[in-house]
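Reader: I would like to learn how to read helix packing and aromatic contacts in a model. Could you take me through them?

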Amino acid sequence: MKNSWNNSVNASENLTLVRDTFLVTFGNGSETNRSGINSSLSEFDGVVQISAPANEFIFDRTDVRIVMFTLYLMVFCCCFCGNLLVILVVTMSRRLRSITNFFLANLAVADFCVGVFCVMQNLSIYLIPSWVFGDFLCKMYQFTHSLSYTASIFILVVICMERYFAIIHPITCKQILTSTRLRLVIGGVWITSAVYSIPKFIFVRTITNNLGDGTTETICIMYRKRYDSKLFDLINFGLLYVIPLLVMT
């Protein structure tokens, strides 16, 4: 009896989650848009069943998918090769192991992760429409995604501050900003970014949708019952855009 009740609750949560996602995708949530969408959501054994609108979604068109795949592939190749070269050059050349290049190498690592875990995942959408990597990798993908771009932004802030002190206060900068302290700062940046990204690991899960034609689709998505997207987006906007912008300017 208890298991049956839990299954009903989970199915209801899945239904609410997909309904919210469906309305966000195809309309702004108003009654007019809802009535204009020829869709239905039904529940069957904990799997959400969706009847999509009759009109084809633009990103399902073959020509659009080819264009998007080509663009993402170009961005991924540039991001992967460019940042990998920076990491290898700074690591293998002793003459380039300066404080500034140390920061640039860490920035290249963060941007390399962005290419692998962000651009590559978006690229895979046009090859594999359903998430096939399991629940744990879904959580790890979202966590690493957030970690990489958060670390990239924080490292840019540290580079700007280091360059400011090196130019405006060169003597004091050499006394205070030693290589050991700067390594501790970079370590703190990565740790802070990891802690900031933990909610992405906790509140993400996979959901299987029954598309109504005998096929199913698994998606990797935030758990909206425990996750306030508006609040999190507001915090992201402040910490990862407004404050870094003010510091760097």
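Author: What follows goes from the overall fold to helix pairs, then to rings and one serine. Keep in mind that this is a predicted model.

Reader: How many helices and strands does the chain have, and what pattern do they follow?

Author: The chain has eight helices and four strands. Along the sequence they run α-α-β-β-α-α-α-α-α-β-β-α.

Reader: What share of the residues is buried?

Author: Of the 249 residues in the chain, 31% are buried. As for contacts, take those between residues at least 6 apart in sequence: 70% of them join residues at least 24 apart.

Reader: How do I read the packing of two helices?

Author: Two packed helices are described by the angle between their axes and the distance between the axes. For α3 and α4, the axes come within 8 Å and cross at roughly 155°. Angles over 145 degrees count as roughly antiparallel, and therefore α3 and α4 are described as roughly antiparallel to each other. The crossing of α3 past α4 is left-handed.

Reader: At what angle do α4 and α7 pack, and how far apart are their axes?

Author: The angle is about 15°, and the axes of α4 and α7 are 11 Å apart. That makes α4 roughly parallel to α7, because angles under 35 degrees count as such. The crossing of α4 and α7 is right-handed.

Reader: Which residues meet between α4 and α7?

Author: On the α4 side they are I99, F102, F103, N106, V109 and A110. Their partners in α7 are L182, R183, I186 and W190. R183 also lies over the face of F102, at 5.2 Å from the ring centre.

Reader: How many aromatic pairs are there?

Author: The rule is that ring centres lie within 6.5 Å, and by it the count comes to ten aromatic pairs. One of them is F80 with F112, with 5.0 Å centre to centre and 40° between the planes, a tilted pair. F80 is in helix α3 (residues 62-92) and F112 in helix α4 (residues 99-125), so this pair links distant parts of the chain, 32 residues apart.

Reader: Which residues form a cluster with F80?

Author: F76, F80 and F112 form one aromatic cluster. F80 is partly exposed, its relative accessible area being 30%.

Reader: Why is the pair of F136 and F201 called edge-to-face?

Author: The planes of F136 and F201 stand at 85°, with the ring centres 6.2 Å apart, so the pair is edge-to-face. Planes over 60 degrees apart count that way. F136 lies in helix α5 (residues 134-168) and F201 in helix α7 (residues 179-202), so the pair ties together parts 65 residues apart in sequence.

Reader: What is the relative accessible area of F136, and what is that of F201?

Author: F136 is exposed, with a relative accessible area of 53%. F201 is partly exposed, at 27%. K139 lies over the face of F201, at 5.9 Å from the ring centre.

Reader: To finish, is S152 buried or exposed?

Author: S152, which lies in helix α5, has a relative accessible area of 10%. Buried means under 20%, so S152 is buried. Leaving aside neighbours within four places in sequence, S152 is in contact with L107, A110 and D111.

Note on methods: Residues numbered from 1 in each chain as written. Predicted model: local features only at pLDDT ≥ 70, side-chain atom pairs only at ≥ 80, totals over all residues. Heavy atoms only, no water. Phe/Tyr/Trp six-rings, centres within 6.5 Å; stacked < 30°, edge-to-face > 60°. Helix = DSSP H or I, 4+ residues; strand = E, 2+ residues; numbered from the N terminus. Buried < 20%, exposed > 50% of the residue type's maximum accessible area, 1.4 Å probe, protein only. Lys NZ or Arg CZ within 6 Å of the ring centre and 35° of its normal. Axes fitted to C-alpha atoms, helices over the stretch in contact; angles between N-to-C directions. Parallel < 35°, antiparallel > 145°, perpendicular 65-115°, else oblique. Left-handed = near helix turned anticlockwise from the far one by under 90°. Contact = heavy atoms within 4.5 Å.
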